[in-house]
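Please look through the sequence and the model below before reading on.

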Amino acid sequence: MTEDQSHTVELITDGACSGNPGPGGWACLLRFRGTEKELTGGEALTTNNRMELMGVIAGLEALSRPCQVVITTDSRYVLDGATKFLPNWLRNGWRLADKKPVKNADLWMRLEQAMRPHTLKWTWVRGHAGHVDNERVDALARGAMPKR
């Protein structure tokens, strides 16, 4: 591990939903200097995209001071929203180019606030493709879904 990596928090996230909408769960794994912390949560009626967002939000909100964070997600929705679309949504008052409101704006606003203090690097992995940490948070997210 390089000196730079020793000061970096890894945040691996996932969300899951049974039905869309339906009961959903989110999970994240925080890793720093060999220490790991798992966080999970769920909602009785939600969507997969909301759970994907909550995994990242919960992980970032759990950090007590500004950090360098490498976020790993299998959600293009979250990755592209956070890295490509968020600046325009902020500038346009949480409206899309066609003036319609941004879906899940409440969580995008919360994510934007949670991102502010940190230096972030986003990475995407294909879901359900054998990535050990992604499979781990996927199982945690599915386990966090409220039972019907």
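Predicted model: local features only at pLDDT ≥ 70, side-chain atom pairs only at ≥ 80, totals over all residues.

Residues are numbered from 1 along each chain as its sequence is written, and side-chain values use heavy atoms, with hydrogens and water left out.

A search of the whole structure finds 11 salt bridges, a salt bridge being a side-chain nitrogen of Lys or Arg within 4 Å of a carboxyl oxygen of Asp or Glu. One of them joins Arg 136 to Glu 36, with the closest N and O atoms 2.9 Å apart. Because Arg 136 belongs to helix α5 (residues 132-143) and Glu 36 to strand β3 (residues 35-46), this pair ties together parts that are 100 residues apart in sequence. Helices (H or I, at least four residues) and strands (E, at least two) are DSSP runs numbered from the N terminus.

Arg 136 also meets Glu 38 in a salt bridge, at 2.8 Å from N to O. Glu 38 lies in strand β3 and Arg 136 in helix α5, so here the parts tied together are 98 residues apart in sequence. Arg 136 has 27% relative accessibility and counts as partly exposed, as does Glu 36 at 39%, and Glu 38 is partly exposed with a relative accessible area of 40%; buried means under 20% relative accessible area, exposed over 50%, and partly exposed in between (1.4 Å probe, protein chains only). These pairs take their place in a network of salt bridges that links Glu 10, Arg 31, Glu 36, Glu 38, Asp 133 and Arg 136.

Within helix α3 (residues 76-91), Lys 84 and Asp 80 are four residues apart, about one turn of the helix, and they form a salt bridge whose closest N and O atoms are 3.6 Å apart. Lys 84 is partly exposed at 49%, whereas Asp 80, at 16% relative accessibility, counts as buried.

The largest pocket holds about 290 Å³ of space. A pocket is found on a 1 Å grid over the protein atoms alone, as an open set of points where a 1.4 Å probe fits, with protein on both sides within 12 Å along at least five of seven lines, and lining residues have an atom within 4 Å of a point. Of the 14 lining residues, Val 9, Phe 32, Leu 63, Ser 64 and Cys 67 are the closest to the centre of the pocket.

Technical notes. Points joined across faces, edges and corners; volume = space filled by probe spheres on them.
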